[in-house]
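Biologist: Thanks for sitting down with me over this one. Could you walk me through the model, starting with chain A?

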Amino acid sequence: MSLLEVRSVSKQFGGLTAVDDVSFDVFEGAIKAVIGPNGAGKTTLFNILTAFDRPDEGRVSFDGTDIVGQPPQRIVRAGIARTFQNTQLFEEMSTHENVMAGAHAVTRAGFFGAALRLPWTVREEREVAEEARRLLRLVGLEEWADTPAADLPHGLRRLLEIARALATRPRLLLLDEPAAGLNTAETASLADALYRIRDRGTTILIVEHDMGLVMEVSDEIVVLDRGAKIAEGPPRLIQKDPAVIAAYLGEEDLDEL
Amino acid sequence: MGERTIDIRTVAVLALVGALVFAVPLLTADRYLLKVLTFVGINVIIITGMALLFGYAGQVSLGHAAFYGIGAYTSAYVVTSLGWPWLGGVALAVAVTSVGGLLLALPSLRLKGHYLAMATLGFGEIMRVVFVEARGITGGPDGFSGIPFASVGGLAIDSAGANYWLIWGVAAAMLALAANLVRSRAGRAMRALHGSELGALACGIDLTGLKVRVFVISAALAGLAGALYAHVVGFISPSTFSLHASVVLVAMAVLGGTRSLAGPVLAAALLTLIPFADAVIPGLSRSALETIQEWQEDIYGLTIIAVLLFVPGGVAGALRRLSRVGRRWG
């Protein structure tokens, strides 16, 4: 079943067409990737899919509901979570608290309930704390729970952002270049985490530059070039697609990457 | 759980400080000292709201003295001129300042940038003129006098000691509520908003809604403090609620440091006591006090600059370092 439907989405900045008539589906339970060279429109598309930006034309629907023009907090509540290319962590909060903050949209305690410490808010707070610990274990950060995010090693910051995104209990997790700046070992542990997340029933869409990760984890890949979709299919076919090789990598051979 | 846990040492320190604060009227009959410390309590109530607004939600208001004034005049007018009971006057003051805060925050917080600071600056100036010109209600530049003491039922709170307990009781209650709040989902959302707006959006936090709520709470606390103040002193005039007072409130919040309630509370106590130094320093000569009062603004300014330069994190930062050292040696 198609969880996310992208239909004829276009976006222009001045005279430049950043995204040009792009359509594809993300099916429930899959790991899908959008790749493309720098300037292919990946980030613009990503921001449209997470409602941080709106398209000039086209439609994006999530589970049958149009999400274009909705405020980001409603998109999160609907079940779409995201990470950022440049991690947006709460630096002064502990790793554990960062993940707890992610549960904001799926918890209810308001100002008055919390100020008066009503029993149900205390119970909710305890549940959030436990859930956050489980998610830290899932991404392998349980030992860092009390460390301020600012002191977390660079390679682990992405994992924390993923755990925080999972705390929103998403049905679809969108990752913006999750492998950027990671070394081989870190990329491998990221891939492991992605499998575990998919196996819990969360659909994943990755927008990525790093071919290694995408070729390994994706069920299907969409290739963008200069804003337009030039290919779509499983990694094996994408790797051999002449249009992709020509446009995306020029003279290089995909197999070498 | 890191800083979320309140350890036994913190509880002990809080209990000790609380007991000391509440014992003051038993230890001294000095009415002047009690009055000055009552002012400290009133400023603690305002600064609790400022600490939430500035230190947790990262928003600057240059007009909180206006809410303080609105609260004071509202309760003074309905109790003195219309014969409302004291509690009704205080409740109306809180209601009026909450609505005022909402009306000011909604349009200015929808916009990105420093519109809130500008809007509050303008609002403060408008209210200053209103306090002077709306003579029928405020008494104009001569002020509003003859405001009765607080009373509940037939019980009048008319001694210096009783007023002290009333104010500090309310201040302690507000601090306790705020302390709960900052350790909750809402407090986490505030710190998140302060840390990264994009990150907060990705957590599904309604940034505008959150900022508006915190602003309304801070306006209501200033209104509450104003209403209490009016009945403690019996006389209010526009100069108390000027831009200068708003700036002093911001100074207290900045000096106190972010992500802390204790820091701003101590900073508020310190800055409130400076012009009344003779109340807490026995034997301070008249001329020394006059010098302090004349140089009050400069002392404030220099204190803030010194803290910003030499004490990272303000009073809150110093407290955090102190508690770390205490833990190491304890």
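Biologist: What percentage of the residues of chain A count as buried?

Modeller: A word on conventions: this is a predicted model, where local features need pLDDT of at least 70, side-chain atom pairs count only at pLDDT 80 or more, and totals for chains, interfaces and linings use all residues. Residues are numbered from 1 along each chain as its sequence is written, with chains lettered from A and ligands numbered from 1 in the order in which they are written. A residue is buried if 20 or more other C-beta atoms, placed from the backbone, lie within 10 Å of its own, exposed if 12 or fewer, and partly exposed in between. Of the 257 residues in chain A, the buried share is 47%.

Biologist: Is strand S7 of chain A enclosed or open, and how many of its residues are buried?

Modeller: Helices (H or I, at least four residues) and strands (E, at least two) are DSSP runs, numbered from the N terminus. On one side of S7(A), Leu172(A), Leu174(A) and Asp176(A) are buried, and on the other Leu173(A) and Leu175(A) are too. S7(A), residues 172-176, is therefore largely enclosed by the rest of the structure, the buried count being 5 of the 5.

Biologist: Which strand pairs with S7(A) over 5 bridges?

Modeller: Strands pair here if DSSP finds at least two bridges between them. Strand S6(A) (residues 80-82) runs parallel to S7(A), joined by 3 bridges. The partner with 5 bridges, also in the parallel sense, is S8(A), residues 203-208.

Biologist: And what is the handedness of the crossover from S7(A) to S8(A)?

Modeller: Leu175(A) stands opposite Ile206(A) in S8(A). Between the two strands the chain passes through helix H7(A), residues 184-199. With the strands pointing away from the viewer, a clockwise path from the first strand over the helix to the second is called right-handed. This β-α-β crossover is right-handed.

Biologist: How many residues of H10(B) are buried?

Modeller: Helix H10(B) covers residues 207-233. It is largely enclosed by the rest of the structure, because the buried residues number 24 of the 27.

Technical notes. Expected span 1.5 Å × (residues − 1).
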